[in-house]
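The exercises below are meant to be worked through with the sequence and the 3D view side by side. Try each task before reading the solution that follows.

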Amino acid sequence: VLAKLLLSPKMKLQPQFVKKPQTLKDSFYQVMYANSITLTPGTLTVLCDEESLLIHCLTDDAVKAILDHPVEAAYQALERHGDV
């Protein structure tokens with residue numbers, strides 16, 4: 001998918017960094033969520049700390065997907081219930 005995105009002459013790349021506030025408190029869940037973002041095509045978590053995530057996205061669509069990432073809610077639920 002990523003190779004097709006990069007090699008397509010029609011694709012309009014808009015590489016950018018996005019800073020997303022950290023909603024998880026436990027470092028285990030923070031790292032797991034950061035890794036989940038990196039698995040999303042066209043995204044890479046560059047920095048994960050207690051306050052925020054710095055994410056590199058290749059397109060505006062990738063930014064939108066990250067800002068409304070459904071996996072985040074799943075990690076929040078796990079963190080609330082302590083199911084590690």
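**Exercise 1.** Find the backbone oxygen that the side chain of Q22 reaches, and then describe the surroundings of Q22.

*Solution.* Step one: in this predicted model, the side chain of Q22 comes to 3.2 Å from the backbone oxygen of D49. Step two: Q22 belongs to the loop that links strand 1 (16–21) with helix 2. Step three: the relative accessible area of Q22 is 8%, and because buried means under 20%, Q22 counts as buried.

**Exercise 2.** Is I66 buried or exposed, and which residues does I66 touch?

*Solution.* Step one: I66 sits in helix 3, made of residues 60–67. Step two: its relative accessibility is 0%, and I66 is therefore counted as buried. Step three: apart from residues up to four places away in sequence, I66 touches K20, Y33, I37, T43, I55 and C57. Step four: for one of these residues, I37, the separation from I66 is 29 residues in sequence, while the C-alpha atoms of the two are 7.2 Å apart in space.

**Exercise 3.** Work out how helix 2 and helix 4 are arranged, and what part S36 has in their contact.

*Solution.* Step one: the axes of helix 2 and helix 4 (residues 70–81) come within 10 Å and cross at roughly 165°. Step two: because angles over 145 degrees count as roughly antiparallel, helix 2 and helix 4 are roughly antiparallel to each other. Step three: their crossing is right-handed. Step four: helix 2 brings Y29, M32, Y33 and S36 to the contact, and helix 4 brings V71, E72, Y75, L78 and E79. By kind, the residues of this contact are six nonpolar, one polar and two charged. Step five: S36, which lies in helix 2 (residues 27–39), is buried with a relative accessible area of 14%. Not counting residues up to four places away in sequence, S36 touches H69, V71 and Y75. The C-alpha atoms of S36 and E72 are separated by 9.0 Å, although the two residues are 36 residues apart along the chain.

**Exercise 4.** Which order do the elements of the protein follow from the N terminus on, and how much of the protein is buried?

*Solution.* Step one: the protein has four helices and three strands, which run α-β-α-β-β-α-α from the N terminus on. Step two: of the 84 residues in the protein, buried residues make up 31%. Step three: among contacts between residues at least 6 apart in sequence, 64% join residues at least 24 apart.

Key:
Residues are numbered from 1 along each chain as its sequence is written. This is a predicted model: local features need pLDDT of at least 70, side-chain atom pairs count only at pLDDT 80 or more; totals for chains, interfaces and linings use all residues. Side-chain values use heavy atoms; hydrogens and water are left out. Helices (H or I, at least four residues) and strands (E, at least two) are DSSP runs, numbered from the N terminus. Buried means under 20% relative accessible area, exposed over 50%, partly exposed in between (1.4 Å probe, protein chains only). Contact means heavy atoms within 4.5 Å. Axes are lines fitted to C-alpha atoms, for helices over the stretch in contact, and angles run from 0 to 180 degrees between N-to-C directions. Angles under 35 degrees count as roughly parallel, over 145 as roughly antiparallel, 65 to 115 as roughly perpendicular and the rest as oblique. A crossing is left-handed if the near helix is turned anticlockwise from the far one by less than a right angle, and right-handed if clockwise. Ala, Val, Leu, Ile, Met, Phe, Trp, Tyr, Cys and Pro count as nonpolar, Asp, Glu, Lys and Arg as charged, and the others, Gly among them, as polar. A polar contact is a pair of N or O atoms within 3.5 Å; within protein, one must be able to donate a hydrogen and the other to accept it, and residues adjacent in sequence count only if both atoms are side-chain atoms.
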